[in-house]
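Here is a short note to read with the model open beside you. Take the points one at a time and find each place as you go.

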Amino acid sequence: MAKNKNLIYIAISLVVFIVLAFLYSTPVFTGKQLFQHDIVQYRGGAKELLDYRADTGKETYWSDSMFGGMPTYQMGSQFKGDIIKKIDSNLNFLPRPVNYLFLLFAGFFLLGMVVVRNWKYALLGATFFGLSTYFYIIIAAGHNGKVNTIEYFAPLLAGILLVYIRKKYILGFIVTTFFMGLQVAANHPQMTYYLFIALGFLFLSELIRVIMKKTPVKHFLISSAIIAVSCVIGVGMNSQRIMANSEYIKETVRGKQILNTENHTSGKSGMDKQSMLMWSYGRLETLNLFIPRLMGGGTQEPEGKEMMNRVQEMVQENVSSQAEMDRISKGFSGMTYWGDQPGTSGPAYQGAIVCFLAVLGFFFASKKYRYWILGASVLTILLAWGSNFMPLSDFFIDYVPFYNKFRAPSSILVVVELLFPLIAIIGLYKFFTDEKLTEEYKKKILLYVSGGALGLLLILLVFGRSLLGFATENEKLYLPPFLLDYLTDERFKLFKVDALKAFIYVAIAAAVLFMVLKKKLNQNIALIILGVVSLFDLWTVNKRYLNNDNYVDKIFAENPFQTESSDLLAEKVQGNPNLEPIISNANVNKTLETIAEKDKTHYRIFNNILGTFSETNTSYFKSSIGGYHAVKLRRYDDVINEYFQVMDSVKVPNILNLLNAKYWVVGGPEQPQAVPNEKANGNAWLVSDLKFVNTPNEEIKSIGVIDNKKTAVIAASDKSYFTGKPVQPDSSAFINLTEYQPNELEFKSQSKTPQLAVFSEIYYPHGWKMFIDEKEVPYIKADYLLRAVHVPAGKHTIKMVFEPEVIEKGKWISLFCFGLFLALSAFGIFWMNKNKKKEILVEEKA
């Protein structure tokens, strides 16, 4: 009976989560959709991939849409036999972002049920976790892969705790393996990596407990083996994705450096420190977990518009010289953010009540949870400081495997956002139910923690101006006193409101707990009050970053690359800053569309209006020189850094010719101009003049100055390729592209002499196969980043096909691992039921 009653409460809790998710996302009821910047960029960059899939029913693992061509592994490619990804898609069946919110709530609810085995505390913890502000910020930005991965943090941890703490080996194996598979399928390795840093503390904790003889060695070894097997099988279910990405990453900006520069060392793996640590959390900024606007909110918040208007008025009234104006311009940063990061969309606010209860939890929770959660929380906070705590960052970058593959250390705070709600509900449960905790101890800890929290808030409210400053060092250096005083006053007002709210919320929570101790308040009522106040707190802060303005009419969400600007569209866009670029870019989009419709051959466009390497409007209509992607191929990124940071009027056109930029789009957003580039090299060309160079540095510098239509720059290491393969001039020789698909290109060539064919196709050493007259032949890299092949004299058909072997190999490994998971799970359930029947028979006989 009790079991059935518990199932009813669990079902009710799940319904509550769905209701909360829909209430937060009410615009979905009217058919509106979430408008996310990164998803808009994805729609442009993945257009060729999506069109190919729709037209052929097949998948292409290469696309020419961005950066001259790149694998689609990080652009939404689908893999045959990818069962675990299909399960992930089915779990995310609700409309976006309701699906994310529901799974965040439900996943932590499972963790809560495993840890405290009480639906009330699990429900409360689910709201603590599921309403963490950072999640709403990344949903608004369109970091769907990130939030999709975070959805599975809590249930994966639940599975591991079932094994280690609850000793439910079979159930723990099933839960751990299943959610490990889903975690990896969500495809955000950085988030998974950070979670496993925290799980390392759990493992160490269990190991120490064995050494201290508080846990049997046998249990520890069995548990660790089960977890290891679970993780291996879970990862194995994603073999295609992992093997393809692993192969790809080696050739990207996350792989080995190729050039020797001031910031790069050839052969060194990973990103340079400056790029890695750019988004480092400030030390004081960490208190944003407790007070959302301690260092401001996002770089752009509604209050910032009024502040900017007033600043402009003050500048007009007080500034008379251009020199002073230039000085002021150097000092300006975000109006509503004054932290250490270059900019931010909002704070990683955890909730005043959640942080307060988490600190209490470190005193009340069981030691088996307390120390590893504390250790993991402290380490991840220190790592989030990045460049503001270089000894630790240097150590992890230099000695901890794979850490240097990821940027933005501030995002590691997702670990704290998982662990603080967890320790909070564990501590709260112990506070209410553990008879070993004396009333005197509870009162003392409650008094110290609440007094400390409230005292800190009072100190910040009274002395905050001098302690926090409310201005960056740059602003203090360049802004005149009248502007600096205005900014600090306005920012202090923003901070003061949030600090007062935090004071009230903590005071309410402390009062509720004291009243429970005094037997003046029922435990259930106390939980309701804590839940409602925390819900109100987090809900209102989250609405600053993900609100009704983030939802738009379906026409904008599904086609953000409008080519016509009408009064109706302008009316719908009015007042929504998210949609303003749709109208402002309409003329540029129309120009791109016109180019693509008039010239249907294969070529690329250089868009010099919208920001070549931060937009995908071009890619939506035609292949682009630029694009928007965090994981570009290393060689292409090197060329961008070498030639496009400073627009040399001779070298840059040479590179654009090499990349077959047949059209340039120049001018401004209002009156864009399509300029045909008659000097573009075309899709392929034949050369007989070879320039051999000894180093990659020589190679990349040469391609900007040579006549690349006649000469090919070849690395000295490829000189042996030409043994027995002479090349000779022939002015009448030609090569033309005859068929184009993103993963298969066909060319026809004719020459009286042997030639080197250079293709305006990006060199990628994995998966591409070259055929001459249907016979596979080796090919090499030319001009630092292109493919080239020796072509004998005569008429020939040359074909390039992208057939990555890792896809087929990975498919069978994925299917095998999923089958193994099903088989082991079925056997485990059978064994568990068999033992239960034996126990029942023994009890009946007794």
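The points below go from the domains to their interface, and then to a helix and a strand.

1. Before you start: this is a predicted model, in which local features need pLDDT of at least 70 and side-chain atom pairs count only at pLDDT 80 or more, while totals for chains, interfaces and linings use all residues. Residues are numbered from 1 along each chain as its sequence is written, and side-chain values use heavy atoms, with hydrogens and water left out.

2. The domains. The domain assignment gives domain 1 (31-78 + 561-671) and domain 2 (684-803); such bounds come from an automatic or database domain assignment. Taken over C-alpha atoms, the centres of domain 1 and domain 2 are 27 Å apart. The contact (heavy atoms within 4.5 Å) involves 29 residues from domain 1 and 27 residues from domain 2.

3. The buried area. About 2400 Å² is buried between domain 1 and domain 2, and carbon and sulfur atoms give 61% of this. Buried area here is the accessible area (1.4 Å probe) that two parts lose on being put together, summed over both. On the domain 1 side, W62, R635 and L658 lose the most area to domain 2, together 33% of what that side buries.

4. The side chains of R604 and E761 form a salt bridge, at 3.8 Å from N to O.

5. Who supplies the domain 1 side? Elements giving two or more residues to the side that touches domain 2 are α3 (47-56), β2 (62-63), α30 (634-644) and α31 (651-658). Of these, α30 gives the most, with 6 residues. Helices (H or I, at least four residues) and strands (E, at least two) are DSSP runs, numbered from the N terminus.

6. Is helix α7 (residues 133-141) mostly covered or mostly uncovered? Mostly covered: 9 of its 9 residues are buried, meaning under 20% relative accessible area (1.4 Å probe, protein chains only). Among them are Y134, F135 and Y136. Just after α7, G142 takes a positive phi of about 100°.

7. A strand residue. F771 lies in strand β14 (residues 768-772). Its C-alpha atom is 5.0 Å from that of K799, although F771 and K799 are 28 residues apart along the chain. Leaving out residues up to four places away in sequence, F771 touches E776, T797, I798, K799 and V801.

Conventions:
Salt bridge = Lys/Arg side-chain N within 4 Å of Asp/Glu carboxyl O. Buried < 20%, exposed > 50% of the residue type's maximum accessible area, 1.4 Å probe, protein only.
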